[in-house]
Amino acid sequence: MSTTSVYTGLWVDHNRSGVNRYQLLLDDYWIGIVTNALAIFITTASGPIFQLLIGPLSQLRRKISSRRNNDQQDQFEESRSFGDSMGYVLQNLRHVGGGYVNIPIYGPAAPKRTIAREAFGTGLMLLFLIGVPILLDVVSIFSASLGTDSTALSSSSKCGSYIYKPDSVKCSAKFLEFERNAEAEAAFYAMSCYGSSSNSDYCTKFYNQSISYPVGNNVDCPFAGDVCLGEEKPAYQLSTGLVSGSVLGVNARNPFFFSRTMTCSAIVNNENYVNISHSSGGFDQWEYWYGRSLSNYTWANPVQESLWDIKGYSAGIHCSEPGSRTAAFVPLPEFTAGPYPVMLMFISSHKLLYPQIRLDPVFPAQSRANFPLGYTGSLKYYHNSTRATVLGCVDQYLICKDATGPCWTKENITSIPQAPKNRISTEEENVIKLLLLALDFSSACGSTQFRGVEALNAQSKISHMQSQDLAPEQWKVEVEKFFQVSLARIQLNAYDIVRGTAAAFNDYHNILPARYRGICNLVAIRTVGWKNLNVMGLVAAIFCITLLWIFSWKVKDEKRVDTFIVTLLWRNYLRKICLFTRRS
C-alpha cells in the first residue's frame, strides 16, 4: 500500500547538494512511464549523431586511404545510415596476419607504415560506428537511475503535538496509551536498528536508520551531592555530540544542530537513605527515601523473598521534572542536577544465580550458592540481600543554530527564538519548535517508565532461576540501552508529530499553535509507492538530445549550400570567440 499524505510534484530537498536538490515526486507508475519514455527519446539521437559524424569520418577516411578512388569516397559521404557506412568501410578490408588492413586490388603493395596507418584509422572509424549506438543503449539504460529514492515531504492534515486529556474524570484503561506505545516502539526499534546487528526490513522507517554516537566516557558524578558509588570519575556518559537536524529528515535551509547527553552512575543505598519498616500489610519492607513521592517514602520492596518464588528482578522508576509544580517525584537536593531531569531506578534481584562472582555495584553477586550433597554442576553465585541497588541518570540536550553557536540548553531555554502569537513562524522558528518537541521524552525516564523492569537488558538474560553471564559492568550496558532508546525516541517523535500518529488514539488533543503549522511540511520521510526524479538530470538529458537534433538540421548558408546549423554557429560565432580568447 502506498504511503499517503505526502507532498507530490516538484520540491526542494535541502539535504542534497547543488542542482541535485530539485526533485520531482511521482508514484511508481508515472516514474516508469517517464524513465521509459526518456530511454526511447535518447535512442533516437543515433540519427542526429550519425549526420554530424559522417563529415569528420569522411575526412578521416581520406587521410588514411589516399589510394582509394573518389567514387568510393563519395559513396561513403552519401551513405544514409550506420549500416551503409560500415558496409563501405568493411568492403575494403581483408584479414591478413590476424589484423584488418586496407589492401589495394591493383598496383604495387603499400608500405608497412601506410598499412599500419590505414589499419589504425579504419579501427577508429569502426569504433565510432559501433561504439556510438552501444553508448546510446547504455545511456538509455542508465536513464532509469534518474529515479533517486523514495523520500518525500510529509503533508498530513493530522500533524501536531498531542497531549492526553480525557473528557471523563475516570481513569481509563487506556491511560497514556500513546506514550506507552511510543516507548515500546522506540525500544524495539533501538534493539533492531542500533548496534552491530540490524533488521534491514524494519530499519527503513525513519529518514536515517540511527543517530550515531561515539564510545562513552567515565566522568565526574553528575549529581549535586557526593552520592555516586566509585572512586575517581564514577559516572558513565554517552553523548551524540553536535548532530545536524537533517538526520531526522528536517528539510530546511538551516536544519540547526542538536546533541543528546546521558550521564549515569550507581547511587549510594546506605542507611542514610534506606531503612526497614513494618508495612500496613504486616511484613517488613525496605523503604527508600531519596525524595518526595506519592507516599512517605520514595520506593519500597519486601525484605523477605516472595512466597510465590518469583525469580528475576523488580524495579521502581522515579523521574523528576525540574520546574514543575505537579511533579510526582521531587528528589532530595543531593540527587538533583540543576535544571536537568533526573531518573532513579531501584533494582532488586530475587533468587537469581550467576555463573561468576559479580562486583558490579548495580548487579552484584558475591555469595556462593549452596547445593545439596551430590551436586556436580558448576559454581553459582547470588546477591544475598533483597535491598535494591540504585542507578541514577541525568539527561541533557543542546540546540545550536550552527556548529559554532549560538546554543541553548535547559539553562537558557527561555532565550531561544520563538514566534510571537501575532504572526506566522519563520522556517528557523519551525525548526527550533520541531527539535524541542522531538527531544521531549528523549531521556532515561522516557526509555523506561512504562516498561519498568522489562527495560533492563539483564532481565532478558534470565532462564528459570539462572542468569546468563552478564558484562563485568552490566550497569553501563543498561545505560547504553537506555541511551539508544532515547535516540530512537527522538526519531519516532519527529515522525509521529508530522504524521499525526497520536490522532488515532482516544482522548488525545492537538495543542500545536496554528502559527507553527509550518513544521508539518518540514520533515522528509521514507515512503512506499513513490519515487523521486532528479529534475536537473531529466532537463539536461532532454536538452542535450534536443540540441543534437537541432544541430543536425541543415539550412542554406550565404552561398545557398545546405549546411549544418552547428557548422554555421561555429563559423559565425564560436570560431570568433575562440580566436578572441586566444589573442587575449
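User: Why is D395 called buried?
Analyst: In this predicted model, D395 has a relative accessible area of 5%. Buried means under 20%, so D395 qualifies.

User: What makes R260 count as buried?
Analyst: R260 has 1% relative accessibility. The limit is under 20%, so R260 counts as buried.

User: How do you know that D395 forms a salt bridge with R260?
Analyst: Their closest N and O atoms are 3.0 Å apart. The cut-off is within 4 Å, so the pair is a salt bridge. D395 sits in strand β20 and R260 in strand β10, 135 residues apart.

User: What makes the contact of E271 and R387 a salt bridge?
Analyst: The N to O distance is 3.8 Å. A salt bridge needs these atoms within 4 Å, so the pair passes. E271 lies in the loop between β10 and β11, R387 in the loop between β19 and β20, so the bridge ties together parts 116 residues apart in sequence.

User: Is E271 buried or exposed?
Analyst: Exposed. Its relative accessible area is 60%, and exposed means over 50%.

User: Why are D562 and K556 called partly exposed?
Analyst: D562 has a relative accessible area of 46%, and K556 has 46%. D562 and K556 form a salt bridge, with the closest N and O atoms 3.2 Å apart. Elsewhere, salt bridges with shared partners join D13, R16 and D149 into one network.

User: What puts the buried residues of α1 on the same side?
Analyst: In α1, I31, T35, L38, A39 and I42 are buried. Their arc around the axis is only 100°, which puts them on the same side of α1. The face turned away carries the exposed residues Y29, N36 and I40.

User: Which residues make the nonpolar surface patch of about 410 Å²?
Analyst: L10, V12, V19, Y22 and M536 make the patch. L10 lies in strand β1.

Definitions and conventions
Residues numbered from 1 in each chain as written. Predicted model: local features only at pLDDT ≥ 70, side-chain atom pairs only at ≥ 80, totals over all residues. Heavy atoms only, no water. Buried < 20%, exposed > 50% of the residue type's maximum accessible area, 1.4 Å probe, protein only. Helix = DSSP H or I, 4+ residues; strand = E, 2+ residues; numbered from the N terminus. Arc of directions from axis to C-beta. Patch = residues over 30% accessible without salt bridge, like charges linked within 9 Å, V, L, I, M, F, W, Y side chains within 5 Å. Areas by Shrake-Rupley, 256 points an atom, 1.4 Å probe, with all protein chains shown as cover. Salt bridge = Lys/Arg side-chain N within 4 Å of Asp/Glu carboxyl O.
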